[in-house]
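Let's walk through how the pieces of this fold sit against one another. Here is the model to look at.

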Amino acid sequence: VDRLLGGLDLFFSPHWRETALSKQTPLVVTFHDLSFEIVPSFFTLRQRIWHKFMDYRAAARRANKIIAVSENTKQDLIELYNLDALKIQVIHSGIASPPAGDRNDENNYFLFFGTFEPRKNLQTVLAAYEEYYDKSKVKMPLVLAGSSGWKTSLKIPAHLKNQIKVLQNVSEEEKISLYERAFALLFLSFYEGFGFPVLEAASMGVPVIASSIPSLLEIASEFGMFVSPFRSSQVAAAMIDLENDQDYREQLITKGLEAAKKYSWEKTARETLELFKEIHNNPLYGGG
């Protein structure tokens, strides 16, 4: 490919894939997560075959530099692929700037947003909501929204069917509207490389109840309420705490708004370009 194009200074693969390049062409590959290695049971058979065919380990070893979207992903790469830490640079992903406008504090609800798949742990979301509903004096509804995935049969208790709304394959505009009225985000994934909904919610002034997994502890350390993704009772208790303590909720909102400002696509692009320049000017990669 690089010969056909007259030679390349550098090839960047933003999603952990390599291509037919000469060894003289520097290669930079981004790894978003290693969920397919760590929790393969959360993928379909077809997906597992595809991941094996792509041979990401080989791509990681071939790359001159790897961009990891979080410290958690960097550590996974080091431990699973036995890579030198100096080969990997953490450049956090960004989020879009939230639209101007005021939050709507009427008819609020708890919100889940993400892909409907086993890794997102929707069953614990439902179990926690059922316990919350039994104990709450306010009894806010629950909205489950996002994109359709696989193997997620939602078992909604009969007495809660009028309280739980399911919205799949929502548009970007619908997503923003959902955040604007959300009381809090429930994000209880078993594994994440980054966790976009957590930051999206924070940037829109929505408190976050999140799994105490490494990537989310890293991204949301300043503003998240952390719970075990295996204990629905912890989640329900956090929901009740938010409902009963408005001062605490406001503190989390303020911290989330400030923390989210640190994650912009402009910052991501600038740090990525700096890495490209460093490689281009390094004699070890044919530059300088």
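## The sheet

Strand β9 (residues 208-211) and β10 pair in parallel through four bridges, with Ala-210 standing opposite Phe-226 of β10. Strands here are DSSP runs of E, at least two residues, and helices are runs of H or I, at least four, numbered from the N terminus; two strands count as paired if DSSP finds at least two bridges between them. Keep in mind that this is a predicted model, where local features need pLDDT of at least 70, side-chain atom pairs count only at pLDDT 80 or more, and totals for chains, interfaces and linings use all residues. Numbering starts from 1 along each chain as its sequence is written, and side-chain values use heavy atoms, leaving out hydrogens and water.

Zooming out, six strands make an open, parallel sheet in the order β7-β6-β5-β8-β9-β10. β7 (164-168) and β10 (224-227) each have a single partner strand, so one side of each lacks a neighbour in the sheet.

## Helices on the sheet

α5 packs on the sheet and touches β5 (109-116), β6 (142-148), β7 and β8 (182-187). Its direction makes about 170 degrees with that of β6 (angles run from 0 to 180 degrees between N-to-C directions, with axes fitted to C-alpha atoms, for helices over the stretch in contact). Contact means heavy atoms within 4.5 Å.

Helix α6 (residues 172-181) also packs there, touching β5, β6, β7 and β8.

## α5 against α9

Helix α5 (residues 122-135) and helix α9 (residues 232-244) pack at about 50 degrees, with axes 8 Å apart.
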